[in-house]
Amino acid sequence: MLSDPIVALATAPGRSAIAVVRLSGDGAFDLARKVVARFTHTPPRTATLSTFRDPNGQPIDRGLYTAFPAPHSYTGEDRVEFSCHGGLATPSQLIAALQEAGARPAAPGEFTRRAVLNGMLDLLQAEAVGDLIDATAPAQVRLALAQLEGGLSERLSDLRGRLVDLMAVLGYEIDF
């Protein structure tokens, strides 16, 4: 399974007030310590204000970071989300600092792929993530959210269970 640290911009690039950069994988907290002054992952899922620095110790930005220890994260791995000021320069500098610390650029959809590989999502839920991102109408959003929350997966699991039960009864009937 892939578990090396990956980093990517989670928000659309360009002019904005906030940009979110995601870091996930083995050693994510160690890499974050190289960029965040006084990084801590406790308490988990708590936004902490800090200064982000490049490898030379020069400040990149002052923003929030949130640590998500494994297995209680989207990917099932240790994950850190950085909320920095938007635009082109600041998020790029933050990503470059994390890459210099040891993370590699994430491939498109790699965070969701890791969530599937680590059992956090099934394939139908992963497909729903893409559907939700591509949704242009409220009805599409509702359907994608229902699928993401496991509605279709639960129905299919129920049908599978019923088919297994039926196969057991048929096997029993054939034997006797």
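Let's start with a word that comes up a lot here: a residue is buried when its relative accessible area is under 20%, exposed when that figure is over 50%, and partly exposed in between, using a 1.4 Å probe and protein chains only. What you're looking at is a predicted model, where local features need pLDDT of at least 70, side-chain atom pairs count only at pLDDT 80 or more, and totals for chains, interfaces and linings use all residues. Residues are numbered from 1 along each chain as its sequence is written, and side-chain values use heavy atoms, with hydrogens and water left out.

A few more terms before the tour. Helices (H or I, at least four residues) and strands (E, at least two) are DSSP runs, numbered from the N terminus. Contact, or touching, means heavy atoms within 4.5 Å.

Now for the inside. A nonpolar core is a set of buried Ala, Val, Leu, Ile, Met, Phe, Trp, Tyr and Cys residues joined through side-chain atoms within 4.5 Å. The largest one here has 24 residues, and those touching the most other members are Leu23, Phe39, Phe52, Val80, Phe82, Leu94 and Leu98. At least two residues of this core come from each of strand 2 (14–24), helix 1, strand 4 (59–68), strand 5 (79–87) and helix 2. In soluble globular proteins, nonpolar side chains tend to be buried together. Val80 makes a handy place to look around: leaving aside neighbours within four places in sequence, Val80 is in contact with Val21, Arg22, Leu23, Ala28, Phe29, Ala32, Phe39, Tyr65 and Thr66.

Next, look at how helix 1 (residues 28–35) meets helix 2 (residues 89–101): their axes come within 9 Å and cross at roughly 120 degrees. Axes are lines fitted to C-alpha atoms, for helices over the stretch in contact, and angles run from 0 to 180 degrees between N-to-C directions. Angles under 35 degrees count as roughly parallel, over 145 as roughly antiparallel, 65 to 115 as roughly perpendicular and the rest as oblique. Helix 1 and helix 2 are therefore oblique to each other. On helix 1, the contact is made by Leu31, Lys34 and Val35, while helix 2 brings Leu94, Ala97, Leu98 and Ala101. Sorted by class, that contact has six nonpolar, no polar and one charged residues. For these classes, Ala, Val, Leu, Ile, Met, Phe, Trp, Tyr, Cys and Pro count as nonpolar, Asp, Glu, Lys and Arg as charged, and the others, Gly among them, as polar.

Over in strand 5 you'll find Gly86, which counts as buried because its relative accessibility is 17%. The C-alpha atoms of Gly86 and Ile18 are separated by 4.4 Å, although the two are 68 residues apart along the chain. Not counting residues up to four places away in sequence, Gly86 touches Gly14, Ser16, Ala17, Ile18, Ala19 and Pro91.

Just after helix 3, Gly119 takes a positive phi of about 75 degrees.

Helix 4 also pairs up with helix 5 (residues 138–148), where the axes come within 8 Å and cross at roughly 155 degrees. That makes helix 4 roughly antiparallel to helix 5. Helix 4 makes the contact through Leu124, Gln125, Glu127, Ala128, Val129, Asp131 and Leu132, and helix 5 through Val141, Ala144, Leu145, Gln147 and Leu148. By class, these residues divide into eight nonpolar, two polar and two charged.

Finally, the loops. Most residues other than glycine have a negative phi, and most peptide bonds are trans. In the loop between helix 1 and strand 3 (48–53) sits Pro43, and the peptide bond from Thr42 to Pro43 is cis, with omega near -5 degrees. Arg38 is in the loop between helix 1 and strand 3, with a positive phi near 55 degrees, and is exposed at a relative accessible area of 76%. Arg45, also placed between helix 1 and strand 3, has a positive phi near 55 degrees and is partly exposed at 46%.

The loop between strand 4 and strand 5 holds Pro71, and the peptide bond from Ala70 to Pro71 is cis, with omega near 0 degrees. Ser73 lies in the loop between strand 4 and strand 5 and, at 7% relative accessibility, counts as buried. Leaving aside neighbours within four places in sequence, Ser73 is in contact with Phe68, Arg79 and Met120.
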